[in-house]
Amino acid sequence: MEYGLLAAALMAVACLWLALRFEAGRSNPSDQTARLWDAALIAAIAGLGIGRIGTMVSGGVNPLSHPLDVFIVRGGVDTVVASAGALAVFALIARRDLPGMADAVAPAALAGLAGWHAGCFTRGACLGTPSDLPWAIAGPSGIGRHPVEVYAAVALALAWLALTVIRRRRSYPGIAASLAIAVAAGVRLATQSMRPAIGDGPVWWYALGVAAGLAAAATAWVLGRRRA
Amino acid sequence: MLVAAALALIAGCSSSTIPLDSVPELPATTPADVHLLLAGSDRPIVLNVWASWCGPCRSEAPLLRSAETAWGDQVRFIGVDVRDSQDGARRFIAEYGLEEIEHYFDPTGAVPDDLGGFGVPVTFFFAPGGRLVSMHSGVLDERTLALGVDEIVRSAP
């Protein structure tokens with residue numbers, strides 16, 4: 001059992017839950033919290049599974065021949081496939097009121113992601129590329145390295161705060177969810193160059209996520225203004 | 001229909017990369033051989049302990065293949081197959097296209113026991129000259145592997 005991964009996942013889930021509880025009765029109706037919680041959790045778990053299968057397929061491991069390997073999450077989860085899968089599953093669950101539910105869960109989803117990144121201390125994944133900065137953390141050989149996951153956690157936590165404020169002020173349907181997508185992709189894009197990786201990673205997909213999120217937010221704003 | 005299409009796509013992705021006949025028998029090794037190999041290497045070494053019966057080893061095999069492709073000119077990638085059969089080992093290498101990695105056969109598991117590893121898979125990262133920089137027990141993820149390689153590439157002998 002990967003206790004480190006499990007602890008990070010619990011941190012993510014706890015942050016998601018706390019953020020939803022915080023919003024209950026403020027930006028979100030109190031009676032919606034359980035529904036949002038269920039939808040977010042199911043989408044996250046489904047996304048994890050879909051992303052894991054994506055990694056297996058791209059690595060040449062047939063998931064039908066080795067179905068139990070899907071549970072070896074440490075072996076890799078394709079972030080882009082997982083995100084697309086989670087969004088698709090969420091859209092399916094919330095199909096009757098997609099903009100409303102997506103907006104309601106968006107800030108909490110960023111808080112959950114912040115919790116996952118902050119959990120790098122338990123899953124042993126904080127260290128990035130070498131750095132001389134005072135807050136660099138030494139790796140096994142003594143070389144100082146960027147605590148890249150901490151950067152991501154801080155950026156996502158700040159984005160959660162900002163989105164919470166935006167939702168409490170006048171906001172049109174779809175804007176919060178679109179901005180959350182842009183922020184999540186943007187944080188990955190901004191930190192990618194500091195992450196140790198084989199190759200450059202899916203930077204173009206992250207850039208596409210930022211562009212799509214911003215375009216969707218602008219469209220939601222224009223449509224909202226017209227309707228108002 | 002979408003599910004059927006996805007299943008067909010997944011089923012169609014064959015994981016067999018190279019013909020089994022092209023994989024030779026793995027040379028046997030001992031802890032003494034490995035110490036000599038480590039001490040004599042002027043390049044850093046990633047030594048991965050694996051077995052064909054080990055599910056987690058399957059999960060990290062594509063990563064090791066990609067890492068060897070990316071850093072094979074700077075780092076020596078060595079696989080030590082433990083408590084296994086030659087047939088199983090060759091099938092595993094063929095299935096995941098790991099022929100570029102230098103493999104050795106250790107039927108008793110003496111090498112990881114001697115190096116201080118626990119269980120399978122386990123991966124050791126050595127600086128040039130054989131100094132152990134770090135060890136990872138369990139499945140490798142991309143970041144751990146990339147970080148481990150970066151550490152040994154930057155390490156002095």
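## Helices H2 and H4 of chain A

In this predicted model, helix H2 (residues 33-58) of chain A packs against helix H4 (residues 98-118) of chain A. Their axes lie 10 Å apart, at an angle of about 70°. That makes H2(A) roughly perpendicular to H4(A), since angles of 65 to 115 degrees count as such. H2(A) passes H4(A) in a right-handed crossing.

Which residues of H2(A) meet H4(A)? They are A:Leu36, A:Ala39 and A:Ala40. On H4(A), the partners are A:Met101, A:Ala104, A:Val105, A:Ala108 and A:Ala109. By class, this contact has eight nonpolar residues, no polar and no charged.

## Helix H7 of chain A

Helix H7 of chain A covers residues 175-192. At 1.5 Å a residue, its 18 residues should span 26 Å. The end C-alpha atoms are 25 Å apart, which agrees.

Of the 18 residues of H7(A), 13 are buried, so the helix is largely enclosed by the rest of the structure.

## Where chain B touches chain A

The contact takes 25 residues from chain A and 29 residues from chain B. On the chain B side, the elements that give two or more residues are helix H1 (2-12), helix H3 (55-71), strand S5 (132-137) and helix H6 (142-154). H3(B) gives the most, with 10 residues. The side of chain B that touches chain A has 13 nonpolar, eight polar and eight charged residues.

## B:Thr69

B:Thr69 lies in helix H3 of chain B. Is B:Thr69 buried, exposed or partly exposed? It counts as partly exposed, because it has 14 C-beta neighbours inside 10 Å. B:Ile45 is 24 residues away along the chain, and the C-alpha atoms of B:Thr69 and B:Ile45 are separated by 14 Å.

Definitions and conventions
Residues numbered from 1 in each chain as written. Chains lettered and ligands numbered in written order. Predicted model: local features only at pLDDT ≥ 70, side-chain atom pairs only at ≥ 80, totals over all residues. Helix = DSSP H or I, 4+ residues; strand = E, 2+ residues; numbered from the N terminus. Expected span 1.5 Å × (residues − 1). Buried ≥ 20, exposed ≤ 12 C-beta atoms within 10 Å, placed from the backbone. Contact = placed C-beta atoms within 7 Å. Nonpolar A, V, L, I, M, F, W, Y, C, P; charged D, E, K, R; others polar. Axes fitted to C-alpha atoms, helices over the stretch in contact; angles between N-to-C directions. Parallel < 35°, antiparallel > 145°, perpendicular 65-115°, else oblique. Left-handed = near helix turned anticlockwise from the far one by under 90°.
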